[in-house]
Amino acid sequence: MQISETLNEGLKRAYTVVVPAADLARKLDEQIGIVAKTIRMPGFRPGKVPANVVRKLHGAALTGQVLEEAVQEGSQKVLEENKLRPALQPKIEVTKYEPEADLEFTMNLEVLPEVALPDLSGLKLEKWTIPVEDKDVNEAVERLASQQKSFEDAPEGHAAADGDAIIIDFVGKLDGVEFEGGKGEDTQLELGSGMFIPGFEEQLVGVKVGDEKTITVTFPAEYPAENLAGKETTFDVTVKKVQVSKPVEINDEMAKNFGLEGLESLKDILKSQIEREHNALTRTFLKRKLLDALAATHDFPVPESMVEAEFEQIWAQLEREAGDNEEEKAKLEAEKDDYRNIAVRRVRLGLLLSEIGQANNVQITQAEMNRLIAQEAQRYPGQQQQVAKFFTENAMAAAQLRAPLYEEKVVDFILEKAELEEKTVSREELTKALEADDADDVKQSEEAPKKKASKPKAKKADKAEAEAEAAPAEEAAEAAPAEIAEEAPAKPKRKTASKASSKKAE
């Protein structure tokens with residue numbers, strides 16, 4: 001077998017491999033001999049089928065098997081002899097082959113860069129903490145109580161206001177004709193709740209018991225029922241009752257409605273929930289500062305193939321979010337270079353954290369992997385076994401599944417080595433700091449995109465609360481890293497004119 005290096009430029013490598021015809025013939029003879037001993041054919045005793053008969057009947061299939069094995073062995077030998085760590089699966093192309101002639105194939109790949117490991121003992125970071133105050137817990141209790149509110153009939157002559165509920169009958173009409181799913185009887189509607197299509201509730205503010213009113217509304221353009229989407233309709237509404245909210249008393253009885261012993265038990269649970277929220281925020285901030293510090297001190301080259309794969313993943317998600325909105329698409333195109341910089345940053349941090357983890361024997365145990373697979377399988381009711389089998393048999397998918405957990409374990413390892421200085425702040429201060437970081441990164445990207453990769457500009461305050469970064473796959477050669485905050489969840493779409501019609505439309 002002859003191996004010739006044809007390209008060695010940066011992280012790119014290319015090789016030409018020639019497998020002599022004699023080696024191929026010998027391997028083919030070996031395969032034919034194995035088959036001849038096991039195949040059963042009429043007229044021949046087991047193990048006595050002549051080799052020439054096997055060659056005639058199965059020679060083409062066995063030749064293909066031999067060629068495939070020769071390519072696998074040759075490419076593996078290239079990696080071993082040159083001590084290469086491929087960034088992604090090498091591209092292999094058979095360039096020359098004729099029966100009874102040499103096999104020639106090319107192998108193109110990018111290798112992982114040499115990464116200098118940082119001195120983690122000298123790392124200094126500021127860890128922000130958010131205390132849980134009594135007012136935070138009390139506000140949470142009040143919010144919970146407001147969600148449990150009930151209604152009672154309003155005094156005679158009371159005009160319905162936002163926050164009140166009305167009991168109504170209604171009939172929807174399109175061009176004067178009643179449409180399917182647009183009728184409701186004895187329907188309770190809380191004004192200002194946003195449960196009905198835009199404009200419906202607002203026109204019923206001020207109604208009283210016995211009022212009959214025709215209102216005009218336009219269904220949203222994205223409404224699922226095509227016959228109503230973007231159409232102007234009318235609703236004939238009869239008001240049967242007006243109700244006002246009945247305050248829920250914050251006491252032990254309210255807590256017992258949740259199956260708890262009393263109010264103090266409820267407060268303890270809410271306090272724990274708030275603490276978890278605060279801890280998630282502070283970890284997001286600390287992790288972002290850690291990764292920023294690592295990114296600022298490491299500027300090694302990264303494989304273009306990994307960057308491209310990461311960018312395509314980012315871009316596909318952004319295009320899905322933009323949908324058919326031409327204005328959003330135009331904005332994306334204008335910021336395309338910024339998002340490519342994000343891909344570079346993700347890959348670089350992923351490789352760096354992967355090297356740190358491997359150098360310090362950070363591992364995902366089989367028990368942890370089994371839990372990850374079980375959690376993922378639960379997302380597909382009725383298909384749990386198939387999902388579990390898929391991740392068990394697919395190394396690439398398994399690597400992508402374990403990547404977030406591996407990343408967290410590497411981050412934990414680094415933070416244990418770092419010197420942390422604690423600072424007490426409010427939730428508002430931390431949220432603003434996260435938003436400011438997003439804005440600063442975008443500005444720096446616009447001014448000097450080659451110097452520092454940016455993060456996407458936060459669209460809402462909620463985005464600053466999302467996970468700041470997420471970097472490495474456990475093995476860089478198996479899966480490209482994934483990082484940076486996810487967008488805040490979109491607000492739920494408004495429902496239709498009634499719950500009944502909403503279900504029918506969907």
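Analyst: **A hairpin and its surroundings**

Asp-175 takes a positive phi near 55 degrees in the hairpin of strand 7 and strand 8, where two residues stand between the strands. This is a predicted model, in which local features need pLDDT of at least 70 and side-chain atom pairs count only at pLDDT 80 or more, while totals for chains, interfaces and linings use all residues. Residues are numbered from 1 along each chain as its sequence is written, and side-chain values use heavy atoms, with hydrogens and water left out.

Helices (H or I, at least four residues) and strands (E, at least two) are DSSP runs, numbered from the N terminus. Two strands pair if DSSP finds at least two bridges between them. Strand 7 (residues 165-174) pairs with strand 8 in the antiparallel sense, over eight bridges. The phi of Asp-186 is near 50 degrees, a positive value in a residue other than glycine.

Strand 1 and strand 2 (residues 12-19) form an antiparallel pair with seven bridges. Glu-5 has Tyr-15 of strand 2 as its bridge partner, and Asn-8 stands opposite Arg-13 in strand 2. In this hairpin, which has two residues between the strands, Gly-10 has a positive phi near 60 degrees. A positive phi also occurs at Asn-361, which is not a glycine and has a value of about 60 degrees. Asn-361 sits in the loop between helix 8 (336-359) and helix 9.

Axes are lines fitted to C-alpha atoms, for helices over the stretch in contact, and angles run from 0 to 180 degrees between N-to-C directions. Angles under 35 degrees count as roughly parallel, over 145 as roughly antiparallel, 65 to 115 as roughly perpendicular and the rest as oblique.

Helix 3 (residues 134-147) packs against helix 5 at about 110 degrees, with the axes 9 Å apart. Helix 3 is therefore roughly perpendicular to helix 5. The crossing of helix 3 and helix 5 is right-handed; a crossing is right-handed if the near helix is turned clockwise from the far one by less than a right angle, and left-handed if anticlockwise. Among the residues in contact are Val-137 and Leu-144 of helix 3 and Leu-266 and His-278 of helix 5. By class, the contact of helix 3 with helix 5 has eight nonpolar, two polar and three charged residues. In this scheme Ala, Val, Leu, Ile, Met, Phe, Trp, Tyr, Cys and Pro count as nonpolar, Asp, Glu, Lys and Arg as charged, and the others, Gly among them, as polar.

Helix 9 (residues 366-377) and helix 10 (residues 384-393) pack at about 140 degrees, and their axes are 9 Å apart. The two are therefore oblique to each other. Helix 9 crosses helix 10 in the right-handed sense. Helix 9 contributes Ile-373, Glu-376 and Ala-377 to the contact, and helix 10 contributes residues including Val-387 and Phe-391. The contact of helix 9 with helix 10 holds five nonpolar, two polar and one charged residues.

Helix 9 also packs against helix 11, at about 120 degrees and with the axes 10 Å apart. That makes helix 9 oblique to helix 11. Their crossing is right-handed. Residues of helix 9 that include Met-369 and Leu-372 meet residues of helix 11 that include Leu-401 and Leu-405. The contact of helix 9 with helix 11 divides into six nonpolar, no polar and four charged residues.

A salt bridge is a side-chain nitrogen of Lys or Arg within 4 Å of a carboxyl oxygen of Asp or Glu. By this rule the count is 25 salt bridges. One of them joins the side chains of Arg-283 and Glu-408, at 2.5 Å from N to O. Arg-283 lies in helix 5 (residues 263-297) and Glu-408 in helix 11 (residues 395-417), so the pair ties together parts that are 125 residues apart in sequence.

How values were computed: Contact = heavy atoms within 4.5 Å.
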